[in-house]
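Please keep the sequence and the 3D view open as you read.

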Amino acid sequence: MSNETKKLTTASGRPYFENENTQSAGPRGPLLLQDYILHEKMAHFNRERIPERVVHAKGSGAFGTFTVTHDITKYTKAKLFSKIGNQCQVLLRFSTVGGEKGSADTERDPRGFAVKFYTEDGNWDLVGNNTPVFFVKDPKKFSDFIHTQKRDPRTNCKSATMMWDFWSLNPESLHQVLLLMSDRGTPFSYRHLNGYGSHTFSLINADNERVYVKFHFKTQQGIKNFTDQEAGEMRGKDPDHAQRDLVEAIDRGDFPRWTMKIQVMTEQQAREFRFNPFDLTKIWPHAEYPLIDVGVLELNEVPNNYFAQVEQAAFAPAHIVDGIGYSPDKMLQGRLLSYPDAHRYRLGANYEQIPVNRCPFAVNNYQRDGAMRVDGNGGSAPNYWPNSFDNIVADPSYKEPGLTLESTLADWYDRNAPGEDDHYTQPGWFYTKALNDTDRVNLIHNIIASMKGIEGPKKDEIINRQLCHFFRANIQLGLAIAQGLGTDISAFMPGTPVQATKA
Ligand code: NDP
C-alpha cells in the first residue's frame, strides 16, 4: 500500500474535511438536512447487497493460469489448445450449492467448480461441480429439486423430509445422492477435490469434425474429505474453513494445481453407447473412454477484492469458444438460458463489462445502452448491422458443423424410452467399484443419519420408496440402510422373514 497521502472526498470527488461528526444545529443537534456526506454514506450502505446467487451463493475464488501440456489438436481447433505450452489466465470459483451466502463451507453438498478461461477467442466458462453427475436430467425439474435443498416454507429450516421425498420420487437422482452421501459430500477443502465439466460438450477440429467430450480436473493435492462428524465439528469451529484454507495456501506460495483431462466419444460411439451419453445422471466408464491428458490449471493469486472479483464473477456454460461446442444434453441446454438470465437479474444487462467478466481481447458488437454501461458504449461507431461505415464482419469460418438429429419427433412423454430409465446400474458400480470398505461404511452411516431426519405422516412411505432404490442399486447397500433405520425388510424380500435390528 502506498504511503502517499490522499484527500478524503465524496463519491463525486469533492474533498471533505472530516468523516465522523454530522452537521448539527448546536453541538447536541438536531442534524442538518444539508449534510450530504451523511446521506451518501447511509444511502450507499443501504445498497451494498446485491441479490445472492439462488444456488452456489457461498463461494471462494482465485486467479491463476492454465497451461496446455498435451496435444489435442486432432479433436479441437480452439486456439487455446493449438500448441503445447500455450497459457491463459483463469478464474476458478468454488462454492457450496444449497446454503445461503453466510452458510458453512463444510455442509454436505456438491461443490461448484466454475472456471473462466480468458482466451484470445473470448472467455470460455466451464461451469461444473466436484461430481461427474447431477440429481436430475431435465431442467424442468431443477427449481423443484433446489427448493428441497433450501428451507421448508413453514419452519424455515432445512428438511430431510423434503429432500428424501423428492429423491425417492426421482430415481434418476440416486447416482448423485450416493456421491453426495459419501465422504466426497464433505470435502476437506477446495484444494482437495476433483472438478468435472459434468455435461457432455463437443470439440470441433480444423476439418470441422465433431467429437463429444467430458472434462475432468484431477486434484494434484489428492482427494481429502471430512467424515460426517468432522464436517459437523468444523461447521461450528470455522464456517469459512475452505475460504481460509484457499487464501492461506496461495499466500504461502503453496499453489494448488489440477490436471485437466478429457474423455472423448465419436458421434458413432455416441449413437451406439448403451447409456444416453447426454444424460447428466450418467458417467462414461473410464475403461471404455479413457482419460486423455490436456493441461495443468494452477491457482496462484488471491483476488484483492472479494466483492469485485468473486461476488461479481459471472460464469455461464453458454460462454464457449471456437473449437468447443454444446451437446444435446438437456440440462446443459437449460443452463444455456438460465445462467446468463441469472446474471442479468443479479448484476444487470451489462454484466459482461464488469472487469472480472470482461474479455481482455476484442469485443465487437452492436449491443448498446442499458443500466451501468461503463465501457464508452461503442462511442460514435454505428450501433446497427449491417452498415456502410465500420468493417466488422461475421466470419463464416466460425460456423459449426450441422448436428444430425436422432429424432424429428417432438415427443416429451417418451423420455424414459428403453435405455433411458436405468437409474441403478451406475449407482451400483459406484458402490462396488469406486468405494473401498471404509467409504462404504461411511456412506451407509451418512445415509442413515440423514434419513433419520425424515418425519411426518409420510415418513414410512418416503423411507420405503427410497429403500427400493437402494436395493435396486445393490442389495447389500439396501439391507444395511434398512437395518440401520430399523425397517422391517421382509417387505422388500418376499419369503425371507428377516428381522431387522434397530439401529
Ligand atoms: P472406475 O472403476 O474406472 O473408477 C472409479 C472412479 O470412481 C475412480 O476413477 C474415481 O474417479 C472415482 N472414485 C474413486 N473413489 C471414489 C470415492 N470414494 N467417491 C467417489 N468417486 C470415487 O470407474 P468407472 O468409470 O467404471 O465408473 C464407476 C463408477 O465410478 C461410476 O458409476 C461413478 O459412480 C464413479 N465415478 C466415475 C467417474 C467417471 O467419470 N467415469 C468419475 C467419478 C466417479 P475420479 O478420479 O474422477 O474421482
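This is a predicted model: local features need pLDDT of at least 70, side-chain atom pairs count only at pLDDT 80 or more; totals for chains, interfaces and linings use all residues.

## A question to start

Which side chain has an N or O atom 3.0 Å from an oxygen atom of the ligand? The side chain is that of Asn194. Such a pair is a polar contact, meaning N or O atoms within 3.5 Å.

Residues are numbered from 1 along each chain as its sequence is written, and side-chain values use heavy atoms, leaving out hydrogens and water.

## Around the ligand

The ligand has 20 residues around it, and those that come nearest are His175, Arg184, Tyr196, Lys218 and Lys433. Here, a residue is near if one of its heavy atoms lies within 4 Å. His175 places a polar side-chain atom 2.6 Å from a ligand oxygen, and Tyr196 also has a polar side-chain atom 2.6 Å from an oxygen atom of the ligand. On its own the ligand has 760 Å² of accessible area (Shrake-Rupley method, 1.4 Å probe), and the protein covers 83% of that.

## Where the shell comes from

Helix H10 (425-434) supplies at least two shell residues, as do helix H4 (174-181) and strand S7 (210-219). The largest share, 5 residues, comes from H10. Helices are DSSP runs (H or I) of at least four residues, and strands (E) of at least two, numbered from the N terminus.

Note on methods:
A polar contact is a pair of N or O atoms within 3.5 Å; within protein, one must be able to donate a hydrogen and the other to accept it, and residues adjacent in sequence count only if both atoms are side-chain atoms.
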